[in-house]
Amino acid sequence: RSRRRSLLAMTSDGGRSPDDACLISRLWLGWCAAIAYRGWSKPLHEEDLPSAPRGVRSDPLHRVAVELWEAELARAEPGKAQVLSGVLYPLARRSFYQGGALLVVSGLCNSVARPLLLKSAVESISPDEPLWRGFAFAGGLGACLLLEQWSKTQGLHIAGDEAILRASSAAMQLVTLKAGRLRTGVGSDGAEQTLLGKDLVGAADMARFLPLMWLCLSSLVGGLTVVFVLSGLAGGLGVLVMAGTFFVSMPLGRRAKRSQAAMLKASEETAGATRELLDGAKVVKFMGWEETYLAHICRRRATELTHLRTYRIAINVVVQIGRASPIISILCTVLVLVLTSPDRFRADVVLPIISLFQALRVPFIMLPMVFQILIAIQVAASRISAYLQLPEQ
């Protein structure tokens, strides 16, 4: 454990980079003002640009990845080593949790601080309240919005870009080194290209959305708490309505997935038929088969378009349900609030409820996607682990 900690600390060495700037300079991008001014007056050269962030430099990141994988091979049983837990997670862990902490702050600002500040700002409009109180809450609301957006942007950059880049770069280096040491005849031809171009790149693209899990969980917990505090059981009905729209959209999502798979298969068949026609153009022209081949390709293309149309319709219906669910939930909550507690039907209650249900829309959409992302990452990492343990020369 101490050896792994020392290896991970090696990836933090380096020279000048944007990471060296203070918090305020990173917030307002002040660290790049001198570069922009210099580039305005004359062309920039390589030495004028800042170095890459310390965490994503290939050296010593790749060297540490190789040493971590060797340690994992020595620790695990033959054929049971896991690149995800032994290499990728240790390299991405620090950035993932740092960005996750910022995303939790963003989620709490969105679902707790903003509605409560909005409620206080509306209450301060009363003639009985001093003028400075309204300005104070309005300024606090603006500061909350600034903190929310900044923490979200920085959190996604650290946990969704830097952490994933460290992990994918390490995996790419391990696969590349392994491809040069494989024993002849072991593995299928082009296996490393499939791992890099499909498994690794596809999983990395999906993993960039994984840090939103922190924002969604904090928004969900904080938002549900504030909803019940402000509106009581009426808010619970609105949450049930929003959850109901989510369960309605799930079958449509599965139908869209099946249609997408069928569309891709039909697209491959259309491309194959077109390639066959182009390769045998001389024979087709000699035998007079142009109309027959054209009708054959058109039938395959029509099948592809049918699946594409079904996929697009299902996706658009799911998107529109997601957009309409906060409106329907707000209407149900306000209606129950008017019928059960007319004295609470006030602007300082209704406006925060509107803000809350807009904030709760993202968790209900993203949290189910997190499980699909985790499955895709696990499948890709298992395939890479199996490849890295093939016999060598």
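This is a predicted model: local features need pLDDT of at least 70, side-chain atom pairs count only at pLDDT 80 or more; totals for chains, interfaces and linings use all residues.
Local features need pLDDT of at least 70 and side-chain atom pairs count only at pLDDT 80 or more, while totals for chains, interfaces and linings use all residues. Residues are numbered from 1 along each chain as its sequence is written, and side-chain values use heavy atoms, with hydrogens and water left out.

**View 1. The largest pocket and its lining.** Here is a pocket of about 1,300 Å³, the volume being the space filled by probe spheres set on grid points joined across faces, edges and corners. On a 1 Å grid over the protein atoms alone, a pocket is an open set of points where a 1.4 Å probe fits, with protein on both sides within 12 Å along at least five of seven lines; lining residues have an atom within 4 Å of a point. Of the 31 lining residues, Gly253, Lys257, Ile315, Met369 and Gln372 lie nearest the centre. Two or more residues each come from α7 (191-207), α9 (233-279), α11 (290-340) and α12 (347-388), helices being DSSP runs (H or I, at least four residues) numbered from the N terminus. The most come from α9, with 12 residues.

**View 2. Helix α5 against α12.** The axes of α5 (residues 83-123) and α12 lie 10 Å apart at about 175°; they are lines fitted to C-alpha atoms over the stretch in contact, with angles from 0 to 180 degrees between N-to-C directions. The pair is therefore roughly antiparallel (over 145 degrees).

**View 3. Gly322 in helix α11.** Gly322 is buried, at 13% relative accessible area (buried means under 20%, with a 1.4 Å probe and protein chains only). Its C-alpha atom is 26 Å from that of Leu146, 176 residues apart along the chain.

How values were computed: Angles under 35 degrees count as roughly parallel, over 145 as roughly antiparallel, 65 to 115 as roughly perpendicular and the rest as oblique. Buried means under 20% relative accessible area, exposed over 50%, partly exposed in between (1.4 Å probe, protein chains only).
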